[in-house]
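Please open the structure in a viewer and keep the selection tool at hand. The stops below proceed from one selection to the next.

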Amino acid sequence: MDSQTILILAQDGLTNGAIYVLLSVALILVFGVTRVVLIPQGEFVSYGALTLASLQLGAMPGTVWLLLIMAGIAAIMETYRLLSTGAGRELPRVLAMTLVPPVAIAALVKICIPLQLALGWQVLLAILIVTPLGPLVYRVAFRPLADASVLVLLIAAVATHFVLVGLGLLFFGAEGVRTPPFSDAQLTFGTLTVSGQSLWVYATSFVFISFLAWFFSRTLYGKALRAVAFNRNGARLVGISPHLAGTVTFAFAAAIGCLSGVLIGPITTLYYDSGFLIGLKGFVGAIVGGMASYPLAAAGAFMVGFLESFSSFWLSGYKDVIVFTIIIPILLWRSLSSIHYEEEE
């Protein structure tokens, strides 16, 4: 292995690691606020790329129909909840908040499809379609179980993953897609050539992570989410709604997943079930951070990216095995170094 090969592999590892950082941050955010290990995070990745590909073909994305179906189910659940608790006066407002945004998005997509918008507008439209799926998934699958144990929430997450994968196959088919790159530029640094798409990945990841850091440290909603993650019952006592916090975090998770999908769509071919493996690699990074530390999770995500890249050169058939095998010593170290409060009690 010469120096040029090392640089090429390092560039691939950096590109993959930047995507895994976004997914790791989303997983830690959702787990901290809702205690849900978001196994379906990868589905938002594949949905983002597939939605963008459908828009470029001039077809109505299947995620629009999924959005409308999920909104209808959420509306039925909200109706039952309000009527059973005697809060029927709030029903018109809640139904409007549940149904109007998805219907408006569907109408906007219907209008925009014949216009053949530029790639940037199509990306924004894809994010606009996929992001509301996060809060709807939370409302339908997880909010009724909000006070259940972590194990029950994990089982619900696995079930939701299988449902979303099946719906992805139903709405998009089994064909893979690869979207056009954001830029065809090629920058040369000595013997290393960096594609414009890779630069887009680096810049977007940096900007989004910076935005999240500002959001959690400077805004009232960000501080409220941190309060729920720190003490759920205490946050409820001071007037912060855990359900609203869960809705916001799932919206962030869906937006991050969709953004990751449209960023890697030009780099690799994505299928309806490709997101699961990508999401798991982000989960490895989150495990390195103990599902709590954002800096450690970012370091773990880059470690996964570099490990995947270099192992693909030496043992391409076992690169995924190598990546997931590192979970074992990390979990062992975490188990031995963490305080087990149940045992102390």
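**Stop 1: a surface patch**

Begin by selecting Leu154, which is found in helix α7; helices are DSSP runs of H or I of at least four residues, strands are runs of E of at least two, and both are numbered from the N terminus. This is a predicted model, in which local features need pLDDT of at least 70 and side-chain atom pairs count only at pLDDT 80 or more, while totals for chains, interfaces and linings use all residues. Residues are numbered from 1 along each chain as its sequence is written, and side-chain values use heavy atoms, with hydrogens and water left out.

Leu154 counts as partly exposed, at 32% relative accessibility (buried means under 20% relative accessible area, exposed over 50%, partly exposed in between, with a 1.4 Å probe and protein chains only).

**Stop 2: an enclosed helix**

Next, select residues 133-142, helix α6. Eight of the 10 residues there are buried, so α6 is largely enclosed by the rest of the structure. Among the buried residues are Leu133, Tyr138 and Phe142. The cover over them includes α1 (3-34), α5 (119-130) and α11 (242-264).

**Stop 3: a buried threonine**

In helix α11, select Thr249. Thr249 is buried, with a relative accessible area of 0%. Leaving aside residues up to four places away in sequence, Thr249 touches Leu29, Val30, Val33, Thr34 and Leu225, a contact being heavy atoms within 4.5 Å.

**Stop 4: aromatic rings**

Which residues do ring pairs link into a cluster? They are Phe208, Phe211, Trp214, Phe215, Phe216 and Phe252. Within helix α8 (residues 196-218), Phe211 and Trp214 lie three residues apart, about one turn of the helix. Phe211 is partly exposed at 35% relative accessibility, and Trp214 is partly exposed at 46%.

**Stop 5: confidence**

Finally, colour the model by pLDDT, the predictor's confidence in each residue, from 0 to 100. The mean for the protein is 87, and 97% of its residues reach 70 or more. Among the elements, α6 has the highest mean pLDDT (94) and helix α16 (residues 341-344) the lowest (45).

How values were computed: Rings of Phe, Tyr and Trp (its six-membered ring) pair if their centres lie within 6.5 Å; planes under 30 degrees apart count as stacked, over 60 as edge-to-face and the rest as tilted.
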